[in-house]
Amino acid sequence: MERKNIFGEGVIYSSDDLGEKIYATSGACMSVWSDFLSFANCYPERMVMDPSIADSIVVLGCQVTDLAILNDLELAKRLHETYGKEIYMGGCIAQRFDIPLPDYIRRLDVVRVIGHELEDLTLVNYEKPFWVPDFEDTKEDLKQGNLFRNYYPLKIGAGCHGKCKYCTIRHTRGETYFTVPEEQIDEFLSHENVVLISDSPTVSQIKAWCQIAHTCGKEISIRNVEPQNLNQCREELLSLSEEGLLKIVHSPVQSFDPEVLKIMNRNVEETEKCVQLMQELRKRGVLIATNIIIDYEFDGKNYPNYEKDRLEKEFDYYSWNPYFDGNWDLDKAQVRFKKYIGENPNR
């Protein structure tokens, strides 16, 4: 079908075009991965673990940085050259019509079955994090690249209405939706190490899930909560932490620098309050995690923003992304990849 958005226009395919046997792998975030997992678990008979017998190969791609885009394009190229099949590129890259794709890659629309339980997490391969060159699968929650990797992703929504200057999620994640917490209690109780998954969990969702965790007496974790939303749930989060039922809280503060936060179009006061709240939670035994953006650029000025000592002192886990201005340039991406990561494992 034809699709038009702020990035341009082009042809995008649906799950009906994938054939009977599908091999899928994800280099994207847990939100994108769990989206496709809901489809895979709804139609497990269509999923195969061996790409050589698949009718189509799906690569779920990320466009949060040019490093991620480059990695996913290299992954798609390797799979195409190895198995000689066309690749369907899903995830956020698919919606970026300004990023040219090779002839063997077709753009795949957002694929999800809202509310479907994820009984088998192995139906969609989860790529190793490319930004951790020596990554090894482990059960250690705080090992780099491993945060929530072994957790059950309870999908509670998708999309974000925020307007941070560096982000395009609101344009790439398909139709926004939010599930009803009370309708997912059985799913919550059926799995261990549950983490709430959405591009931006809402205040009402967080409060509702804190109440459900309290009522059920079951531990829960929360991922990717914007600072202002976390602050509005202060009372519920502190109360749940006192009960020992809040395991990990992740909120992307992105920067400690008030000047940078203002440039990013993020709220300085709310960010500072969020950091303070997470310190209070940490004192109560909650593991806290965040994301930051390094080397932010604006009006010809660079803001390194890598307060490593503070991050290691105040957070149990953190990850970083080098600033990406959104303009795709293959040559520039290759240079930056070597600078920040080293050699690409998919090349």
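I took a salt bridge to be a side-chain nitrogen of Lys or Arg within 4 Å of a carboxyl oxygen of Asp or Glu. The model is predicted, so local features need pLDDT of at least 70 and side-chain atom pairs pLDDT 80 or more, while totals for chains, interfaces and linings use all residues. Residues are numbered from 1 along each chain as its sequence is written, and side-chain values use heavy atoms, without hydrogens and water.

Entry 1, salt bridges. I searched the whole structure and found 14 salt bridges. I looked up R112 and D35, whose side chains meet at 3.1 Å, N to O. R112 lies in the loop between β6 (105-107) and β7 (125-126) and D35 in helix α1 (residues 30-42), so this pair ties together parts 77 residues apart in sequence. Helices (H or I, at least four residues) and strands (E, at least two) are DSSP runs, numbered from the N terminus. Both R112 and D35 are buried; buried means under 20% relative accessible area, exposed over 50%, and partly exposed in between (1.4 Å probe, protein chains only). I also noted that D35, R112 and K155 are linked in a network of salt bridges.

The side chains of E242 and R284 form a salt bridge at 2.9 Å, N to O. E242 lies in helix α7 (residues 234-242) and R284 in the loop between α9 (268-283) and β14 (287-294), so the pair ties together parts 42 residues apart in sequence. E242 counts as exposed at 55% relative accessibility, and R284 is partly exposed at 33%.

I turned to residues 203-216, where the buried residues include W209 and C210. G217 follows α5 and has a positive phi, near 65 degrees.
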